[in-house]
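Reader: I am new to this structure. Please take one part and look at it closely, then lead me on to the rest.

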Amino acid sequence: MSMQITIRKRLVSRDRQFALDIGFESDSHRIAMFGPSGSGKTLTLRAIAGLLAPESGRIVLNGRTLFDSESGIDLPPQERRVAYLFQDYALFPHLTVAQNIAFGLNHGWRNPRRRELPPEAAHWVDAFGLREIVNQYPSEISGGQKQRVALARALAPKPDIVLLDEPFSALDPALRTRMREELLSLQANLEVPMVVISHDPQDVEILGDHVLEIREGRIFGSGTGKRHPPVYAPLPAHVA
Amino acid sequence: MDAVWVPLLLSLKVAGWATLLNAILGVAAAYAISRWRSSARDVVDAILTLPLVLPPTVLGYYLLVLVGRRGVFGAWLDRIGIELVFTWQGAVLASTVVAFPLVLKSARAAFEGVDHQLENAARVLGVSETGIFFRVTLPMALRGISAGVVLAFARALGEFGATLMVAGNLPGRTQTLSVAIYEAVQAGDDNTANLLVLVTSVTCIVLLVVAGRLVPPAARGVGEVYERRAFRREAVGK
């Protein structure tokens, strides 16, 4: 996996001005972005997924240009083959677990049928042990189950990369530890590269090989291996 | 009994068509306005809401000015063979305009209440914008929209002022229930008036009960009923 990203965007609201100016390259399968809330981590992920349009910059994944302000390329989120795990999971409350997981497998105008489970969806249902709850609705299942369903839904359409936005923030501490291990073993067994953002140093240590620290909209430091956090190598001049 | 049946069936026919038109036009307009980022949006919303506050006679007058024989579009409508003044189609037009804001208001609120994160989730999963409307936005807004459509039907059924001005009072052709009651009272025909009033009241009660069942449960999108169901399942499990 290779990833080259430069994103520039100014956000102005009534009482706050924020400038996002992110630039990094990585060929790691496990990237973690770390920083306090409000530092621009989520904005960066949203830009990669195509949910936020940068003013200028370039986003290249595996040699595929998703965004390039100079040549006017801006793929819609639908064509980026990027999976996004939302902080609150954003499961569709009007659809069952099975329908949620199969949601991205057809791109037409109709939702998956209630009692049908296509094989690609069934694979993830079994992988996450969700067989017993496939006919339940998101409001009927627990926090850990919600996260598994959200992951299954994200992985079913075979994305090129998975972006995880604070994946454990909605969980209580005991469950957090367990889900972190689950995600770790998922990383080990899957070919799909992942970008995890978190404000929790523990998440970053366990889930990232390449760690980027973000503060106030900028990459503050970058490190690999077990030397982080909080020790980061200074960035090479051309990236920052 | 024809004195009752004919206006009753005509009223239901007119209100039914008006509701169908509003379900399509009102929902489309509400969706467009809820997505439209422009300062003109509030002005357009205000204009489309006018029928709710204007006296029906004023609306009826506007409609006559627009679609009457000598109206702005009158000659054009005449040429393509559409006659709206003194026809039941005219009554449909009047009822539609009068009830339109009820669908618009509730559908707009329902659309604006849909969590954008869910639409983004669908976007990232590769579903087209049209697909997102039919698979996420519309189902999530359906409860609010249905409530507005039921109200619009009730309003269209009781329409009097604008209908009388546009469609007139032709027994068997444009004389709806409310107009028939007015005429019976004017003519001192108390028996007919009593019967019509009774039938109208019963019809409205029946319709409201039926409509209440048609509106999807509080759950669709909000999760209340699902939670209740989960709770019941848990209770049974123990």
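Author: Start with strand β4 (residues 56-61) of chain A. Strand β4(A) runs antiparallel to strand β5 (residues 64-68) of chain A, and 4 bridges join them. Strands here are DSSP runs of E with at least two residues, helices are runs of H or I with at least four, and both are numbered from the N terminus. Two strands pair if DSSP finds at least two bridges between them. The model is predicted: local features need pLDDT of at least 70, side-chain atom pairs count only at pLDDT 80 or more, and totals for chains, interfaces and linings use all residues. Residues are numbered from 1 along each chain as its sequence is written, while chains are lettered from A and ligands numbered from 1 in the order in which they are written.

Follow the bridges. A:V60 has A:T65 of β5(A) as its bridge partner. The two strands form a hairpin with 2 residues between them. In its turn, A:N62 has a positive phi of about 50°.

Now move along the chain. β5(A) also pairs with strand β6 (residues 73-74) of chain A, in the antiparallel sense, over 2 bridges.

For 240 residues, a compact globule would have a value near 18 Å, and chain A agrees, with 18 Å.

Chain A touches chain B. In this contact, 24 residues of chain B meet 23 residues of chain A; two residues count as in contact if their C-beta atoms, placed from the backbone, lie within 7 Å. On the chain B side, α6 (116-124), α7 (129-157) and α11 (224-237) each give two or more residues. The largest share, 7 residues, comes from α7(B). By class, that side has 11 nonpolar, 8 polar and 5 charged residues. Ala, Val, Leu, Ile, Met, Phe, Trp, Tyr, Cys and Pro count as nonpolar, Asp, Glu, Lys and Arg as charged, and the others, Gly among them, as polar.

α7(B) also meets helix α1 (residues 2-35) of chain B. Their axes come within 9 Å and cross at roughly 145°. Axes are lines fitted to C-alpha atoms, for helices over the stretch in contact, with angles from 0 to 180 degrees between N-to-C directions. The contact includes B:A15 and B:T19 of α1(B), and B:V149 and B:F153 of α7(B). It has 11 nonpolar, 3 polar and no charged residues.

Last, the record for chain B. An unreviewed UniProt entry lists residues 14-34, 46-65, 85-104 and 195-215 as "transmembrane region"; positions follow the numbering used here, feature names are shortened, and annotations may be inferred rather than shown by experiment. Residues 85-104 are 85% helix, with end C-alpha atoms 26 Å apart. Residues 195-215 are 95% helix, with ends 30 Å apart.

Definitions and conventions
The radius of gyration is taken over C-alpha atoms; the globule rule is 2.2 Å times the number of residues to the power 0.38.
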